[in-house]
Structure formats: C-alpha cells, structure tokens
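Hi everyone, thanks for making time today. Please bring up the sequence and the structure on your screens, and I'll walk you through some of the packing.

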Amino acid sequence: MRRSLILMGLTGLLPIVVLGSAYGAVTLREQRAALDRQATLAARSTARLVGREIVATVDAVKMISRSPTLDGGIDRARFTLLGLRLLEDHPNWAALSVADSDGNRLLDLPRPIGGKLGKVVDPVSLARAVRTRQPQVGHVIHGAGLTAFAVRAPVLNHGAAPYVVSAVVPVTAMQHLLFAEEIPAGWRLRIFDKRGAVIAQSGSTGREAMQCVVTAVPESGWQVEVAVPRGSFAALNRQAQLVLIGGSIVALALFAALALALTVELRRFRQRQAATLQAQRLEALGRLTGGVAHDLNNLLTPILGGLDLLRARIGEDAKALRYIDSATGSAERARTLVARLLAYAKRQSLTPEAIDVGALLADLYELLQRSVGPTIACTLRSAPDLPAVRADRNQLELAVLNLVINARDAIQTDGRVSGTIIVETRLPRRDEARGLARGDYLALAVHDDGCGMDAATLRRAMEPFFTTKAGDRGTGLGLSMVHGFAEQSAGRLVLESAPGQGTSATLILPATDAPAPALDTLRDRPTRTAEILLVDDDPAVREAAAEVLRAHGHLVAEAESLSQGMAALNHAPGTALVITDYMMPGGTGGEFITRARDAGLPQPFLLLTGYTDAAEDLPGDVPQLRKPFRERELLDAVDALLG
C-alpha cells in the first residue's frame, strides 16, 4: 500500500514539475519580450512626437525664409514686425535670426543673441543649409547662457542662398514631448542630437545598469533612447524561479494531501464496509427475531387470555389463584421479552408524540435513583432552551431506564459500591448526527464511571442476547431494544467506551417544534355490550379473545379469513364493531378494512397485530392492539370504539 501511494504521488508530481518548469520558461520569455516591445513602442512613439515637432518648426522657418521682406535685401522694419509676430505665435523659440551665407548675423529678434551681433554659433549647420539649399537642424550648443539648437532655412534668390533664417529653440522646449509618453517607474527616456548631446530627459536618473532601446528621428537625425533597468529582467528570472519552486512545493503539498486523503478514505471505506456488514448481520437478526416474536405473540395471546378467564372463574381457591398468578407472571415476562425482541427488530408499534425530555426525566428521577440504589449518585443535567423530541413516550421512558440500569451494572461489575451516573440532555455533536436525515435533533446521554468496554465488546454491545453480565442478571436485550427504538424513531444510539474510563450511551432523537401535550387524566369508561365480529386465522387467539368478550356480555361472531369476514358483515348489518388480525388467508387486515369501507359498511375496526412494519395498506385512522394483550386492554380498546 505504501509503495502504491509513493508511486501514485511521483506519477502525479512529475508532470506537475515539468509543466511548472515549462510555464516558468515560457513566462520568462514572454515577459522579456513584453518588456522589449513596451520599450520599443515607447521609443517609436516619442520619436514620432519629436519628428512632428521638428517638422512643424522647419515649416514655420521655411515660411519665414520665403517672406518678401527678404527679396533682394533685408527690409528690416517690415521683417522685424513680421518676426516679432511669429515669435508671439511660437513662444518656445528663444530667438529668430537672419545671417548671410558666410555666417555673419545680420539681424536677431527680439534682441541680439549674446548682446551683440556676430558670427553664428553653429556655422556647420548654416554652411550645410547654404550648400544643400535645404532646411537643417543644428547641433545642441551651450553658450550665451542658453542651451539650444537652431532650425535653419536658406533664403533662395535666383538659385543662390544669400541669407539663412534660423529659429533658435531651447532644449527645454522639447522636454514636454517626453511627458506625453508614460513609462514605468525606474525607466529612462532621453533625446540625443547627432553628436550624442542630451536634448531632453525624463524618468530615472540613477546609475544602475540599463538595457537601452534606440530609435532614430529621421526628420532631424536625432535619436530617442528608452532605457530599462537590467534589474527588471533579473526580477523576471527570480519570479520564474519562485514559480518553479512554488509549483514544486504546491505539488509536494498536493501529493501529501492526496496521500493523507487516500489513507483516510481507505480507513473510512473499511469502516463503512464493516458497518455495512454489521448492519446486514443485525438486519438479518432483526428479521429472524421479528418473525419469532410475531409467533410468540400469537402463542402468548391465548395463554394470557385463558389465565384471565380462569381467574374470573376459579373463585376463592387460594392455591389455584397462586398457580394462575405464577403462570401469569411468567407469561408477562415472556411478553416483555417479546416486546424487547420487537424493539430490536424495529417492528414494534410506536405512538410518537412531542415530548419535553427535561420534564420526562424529572418525572423519572425518583424511579431512576431507586433503581441504581443509594450508593450511586444519579444526576440530571439539561441545557437550556432545548426543543421537544418526537418519540413514543413509554418506549423512551423504558429506554432511559434500561440505559441507567446498564450504567449501574457497569459500576458494580468490578465490585464497587459507589459511583456516578449523569443523565444529560443537549444538542448533538456533528459527528453524532452525521448520516441522519436533515433536520434538528436532541441528544439524551447517560454517562457512567464504570468499568467500560473494550473494542471487541463495544462492537457487539447492541447485538440481541449478547451480555457480559454473570448468571441470569441480564437477557442481552436492553441495549438492543434501545438501539431498535432509536432506529425506528428516525434516530440512533451512539456508544462510546474504553476500559477503565466508563461508558457514554447517547440516544439521538429527532426534535420537533410542536409543543409537548399535557398528560390526560385517566377516567373509567362505561362498558356496554354490542355485536362484534372477530376475524383471526389462529383458532387459539380467536377463541381466547371471543371468550373474554362473551364473558363481559358481548355477542361475538367469528371468522377465520377475509372472505368469511366480508360474508359475515354482509349477513349481519347490526354488527357494531369488527376486530381483525392483520395477516390472514386470502388477504391482509388492511385489504379487509378497505373492501368493507368501499362497500359502504360503517362499522369501526380494531386491528390485532404482532408487528405492523409491513402494514403499508392499513388506513391511518384504524386503532391497533398489540399482541399479546390482557383482558383489560382488549375491553378498554373495545369500549373506546363503542363510545
């Protein structure tokens, strides 16, 4: 198993690491290319802006060079007026100058550059303009308190260039062009002239190593440089390494999580498999015990009925009455045993209602304390504002009593005479209610500080007839009955125990918002006689029940099947009540009741049953009397239906 987990983990880890490495390499290359593209685009965009600015300046100077004020000579007054107006239109120009072809400045506007006229500062660009008869952009020159460059245009006259008009532009006039391009922090943007002099600069001024992208400005011969710190590319390398390392760590973490999850899942699968096998085993035992209990109920019904009839007829014979009492006691113990079997098999008939568990425990407290004896402290604990539960009151009381008695026996097992039992009501833990239907639940827990159970005993604790009690102290049906009651009530029984650490038995039951009903006061019902039809396929049960009814004045007609029952009803319209078994030849008691009602017969029905888990066709308003029943129980049920 371990080698399989390692192999599976490595198989999953290898492609993750390879893909992570490839992702890191591709990411690095793409990000480097993106940086290069961004720098190139920034340089080209700035170069276009500079080129458009130079072209606009050249066009303006060419227009001036074609002015009539320069034809055949310089009309100083008119040119001065024109030049000053042009300087107002171009506030970024420092001066407008006219020089002859030898470089002598003839006129400077608005005032002589440097305070007096003289030679041009950049004769090379002027000579090139005269020679080529084309506008020229000069070099950046430092002088006269100004760093600037000249844009020159020759004045053409009959193929000659006697004059050259120059616009002197400070380098600061080009600075705003750099701000039009947004560059990342740490980058640098510069403009150079033909000799490499810096015309304008923006961005970083640090001395860190830079990687540069250069683009020419063809209109002027200048260059635009975008410099990116080499650290940006180093950062990409670090990021790629971090991605690779992080991916490996994540892959290892996923592998560990997968291995852990698989281990836990395998453990849970084994537990579920064991629980399923145990549930199937218990279900098989439940079906067996349910069938046995049903047959025992049919056998016990005439026994108890016959004993009740004998008691009424025996008179004052004390010895005979003692024999009858002994037989009745044994039959009652057998009846209790069968009830426990049915509870385990989840085939008992329950009457669920809203129950205030705190109030129920308070009513039971005196009985519980008497049951455990004076040397064992029985304590009740209840959390506030708990909801009511929906369950059968009698079975819940019996379940609590069984759990407390088991706790008492666990304390006394190792010879102790004192101990503590805590009966607690609270909200269930999440693990206790896991797997149950969605909804609210209440937990009723019984804790003891007894000997506890080992794992093997704990696994078998809820099996019927399994007991660790010596001699005849236990039947092995107490916990199995509580387990069956909890399962039949849409809840569960949770056992937690360890040797020497006591036991906690927690009964999880569904909660309800319905208020707990007030207990009805018991009252005697007057008994009246009537015509009754009794339908049961077991002659002994039928005879015993009929004799009890006849002994109290009722007229009883008997039938042993569904067809006989229908015929008897059709021929005896005065029948006031029908008592029927559920399982009969020719159909069930539910089918009998449905056919009678469909035929318009008005008689009420009382169902006799050993268990009703299969009675899906039984109308919900039909009362039931569980076998075996005593004489008084049968008469009370009949009186209730006869009113």
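**A walk through the fold**

Let's start with β9 and β10, which run antiparallel and are joined by 8 bridges. Before I go further, this is a predicted model, in which local features need pLDDT of at least 70, side-chain atom pairs count only at pLDDT 80 or more, and totals for chains, interfaces and linings use all residues. Residues are numbered from 1 along each chain as its sequence is written, and side-chain values use heavy atoms, with hydrogens and water left out. When I say helix or strand, I mean DSSP runs numbered from the N terminus: H or I with at least four residues for helices, E with at least two for strands. Two strands pair if DSSP finds at least two bridges between them.

Back to our two strands. Val 213 stands opposite Val 226 in β10. The pair makes a hairpin with 4 residues between the strands, and in that turn Gly 221 has a positive phi of about 80 degrees.

Which sheet do they belong to? It is an open sheet of 4 strands, in the order β8-β7-β10-β9, with antiparallel pairing. At the edges are β8 (198-203) and β9 (210-217), each of which pairs on one side only. From one strand to the next, the twist averages 15 degrees; axes here are lines fitted to C-alpha atoms, for helices over the stretch in contact, and angles run from 0 to 180 degrees between N-to-C directions. Inside this sheet, β7 (residues 188-192) pairs with β10 (residues 222-229) over 5 bridges, again in the antiparallel sense. Arg 188 has Ala 227 as its bridge partner in β10.

Now for the parallel sheet. This one is open too, with 5 strands in the order β19-β18-β20-β23-β24. Why is one side of β19 and of β24 left without a neighbour in the sheet? β19 (555-559) and β24 (624-626) stand at the edges with a single partner strand each, so one side of each has no neighbour there. Neighbouring strands are turned by 20 degrees against each other on average, direction ignored. β20 (residues 577-581) and β23 (residues 605-609) pair in the parallel sense over 4 bridges, and Ile 579 stands opposite Leu 606 in β23. Helix α15 (residues 631-642) lies across β18 (531-535), β20, β23 and β24, running at about 135 degrees to β20. By contact I mean heavy atoms within 4.5 Å.

On to a helix pair. The axes of α7 (residues 357-372) and α8 (residues 393-412) come within 10 Å and cross at roughly 35 degrees. On the α7 side, the residues that meet α8 include Leu 360, Leu 364 and Leu 368; among their counterparts in α8 are Arg 393, Leu 396 and Val 400. An α-helix has 3.6 residues a turn, so residues three or four places apart point the same way.

Is Leu 360 buried or exposed? At 1% relative accessibility, Leu 360 counts as buried, where buried means under 20% relative accessible area, exposed over 50%, and partly exposed in between, with a 1.4 Å probe and protein chains only. Leu 360 and Arg 393 are 33 residues apart in sequence, yet 8.6 Å apart in space, C-alpha to C-alpha. Leaving out residues up to four places away in sequence, Leu 360 touches Ile 355, Arg 393, Leu 396 and Glu 397.

Thr 506 sits in strand β17 (residues 503-512) and is buried, with a relative accessible area of 0%. Apart from neighbours within four places in sequence, its contacts include Arg 426, Glu 432, Arg 492 and Val 494. His 139 lies in the loop between β3 and β4 (141-143) and is buried as well, with a relative accessible area of 12%. Among the residues His 139 touches, beyond those up to four places away in sequence, are Asp 122, Arg 128, Phe 149 and Asp 193.

Arg 128 brings us to helix α3 (residues 123-132), where Ser 125, Leu 126, Arg 128, Ala 129 and Val 130 are buried. The buried residues of α3 pack against β1 (95-100), β3 (136-137), β5 (146-157) and β6 (160-170). Just after α3, Arg 133 takes a positive phi of about 60 degrees.

Finally, the whole chain: its secondary structure comes to 15 helices and 24 strands, and 43% of its 643 residues count as buried.
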